[in-house]
Amino acid sequence: MTSRSSSLRRARPLLGTIVEVSVHGRPSSLAHALEAAFAAVAAVHRLMSFHDAASDVSRLNRDALHAPVRVDPRTWSVLAAARRVSAASSGLFDVTVAALLQRWGHLPARAGAPRPDSRANWQDIELAANGTVRFRRPLTIDLGGIAKGFAVDEAIGAARDAGAESVFVNAGGDMRVSGGRAERVHVRHPMRSGRWIDSGFLREAALASSSAGGVPPGPHVDPRRRCPAAAFDGVTVRARTCMIADALTKVMLAAPGLAPEVLGAFNAEAFAVSGDRVVACRPGVARAA
Amino acid sequence: MHRLSAWTLLPAAAIVTSAYATTYLTVEEAQGAIFPGAKLVPVPLTLTDAQVREIEKRADVSVRNREPRVWRVDGGGLFIVDEVLGKHEFITYAIGLNPDGTVRAIEVMDYRESYGYEIRHEAWRRQFVGKTAADPLKLDRDIKNISGATLSCRHIADGVKRVLATYDVALK
């Protein structure tokens, strides 16, 4: 062996998906860095699972209406980031939509939970500087739209702290690369199985994708602008952190028209797929006119 | 109506057709990862009809392979290699059990994602033409990292249930 660097790549089932961690650096540090990364992901899962009755999310949904609930600093910081995305998107990103997801059968109902107020939204979550959280109205939160991205960020940080020179983490499509390495990424076409969109290289950045799911939105194309006139089939966001990339995919799917403002606010860019067309919005990149 | 003028068409965006496959660990590597330094001895096991029925009843998952690949770990514990098949994905994974039958660790060994479309597709098939068993078959040459609609690990979760039921019925 002439090289003093080596790498290790592993995948484990976590967060309801398959999480892949790849670490690069001094051979003696790699096994430890890899374990630290997976442990960080598992910790986020424990804190923010909607299904686990002992998670911070479940404790908040049960008790935060009645009294302030102290949560782990990680949960608090995810709620704070969610609030920033909600504010920047006029509430199009909102962690209080869990009640709707429950009604539509995407999330299980909770026996004995307070009946959510239909007027409640993200602004009714009170984040106190002392690390507690309180709900001003009966509501149910779900961090499914942001926690996976946060888990990726945590894994990256843990592996770097443990001595890895560069790290790549991919949690079922939400990914981030850190430490100078570049990773080639392909995005699964949301509607055409077996088709992939080459999205180039990722370096010191994060990428997350969401698809509209369900039936194809149909061939609604604005012929003048040569872009889709209906919702996109799927959206991919590139941002500095995976948490923000993850959250912004939801906003871009719900309201592509907000792209310049919202992406700009987070120094992010996005591309979207609609049929055979790929469109991009890069507010930070030169966009004259 | 959404305001979409900020989105511009990427005329050169490459949409490719391919399969995705990656190998994380060989059997020996997975053994070393889950039970470092331990001696593992293969356990020949053929499940009887009655055992298959009982496993399926307990796990509510069908048993396709009557000869699970099992190793006994010196000093206690079991190492099992299992395969799960989703609609488009094929996953081989290793599961380590503690001496008390609880899960010690799970490692994905091999992940393949493929679509019927590709199998029929001439260009996809052509890459295999002329290959012999001696040629390393590398499918991940082009597609290494994938994003997009999340594939759930439900199949692995089902597989783990089956492995745990197999332990209760035939390996305890």
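Modeller: Chain A is divided into domain 1 (56–135) and domain 2 (181–281), with bounds that come from an automatic or database domain assignment. The model is predicted, so local features need pLDDT of at least 70 and side-chain atom pairs count only at pLDDT 80 or more, whereas totals for chains, interfaces and linings use all residues. Residues are numbered from 1 along each chain as its sequence is written, and chains are lettered from A and ligands numbered from 1 in the order in which they are written.

Helix α1 of chain A covers residues 27–48, helices (H or I, at least four residues) and strands (E, at least two) being DSSP runs numbered from the N terminus. Its 22 residues should span 32 Å at 1.5 Å a residue, which agrees with the 33 Å between its end C-alpha atoms; the expected span is 1.5 Å times one less than the number of residues.

The buried residues of α1(A) include A:L30, A:A37, A:F38, A:V41 and A:M48, where buried means that 20 or more other C-beta atoms, placed from the backbone, lie within 10 Å of the residue's own. Among the elements that cover them are β1 (6–14), β2 (17–25), α5 (147–161) and β6 (166–171) of chain A.

The largest nonpolar core has 123 residues, such a core being a set of buried Ala, Val, Leu, Ile, Met, Phe, Trp, Tyr and Cys residues joined through C-beta atoms within 7 Å. Leaving aside residues up to four places away in sequence, A:A37 touches A:V21, A:A155, A:A158, A:A159, A:V167 and A:V169, contact requiring C-beta atoms, placed from the backbone, within 7 Å.

How values were computed:
A residue is buried if 20 or more other C-beta atoms lie within 10 Å of its own, exposed if 12 or fewer, and partly exposed in between; C-beta atoms are placed from the backbone. Two residues are in contact if their C-beta atoms, placed from the backbone, lie within 7 Å.
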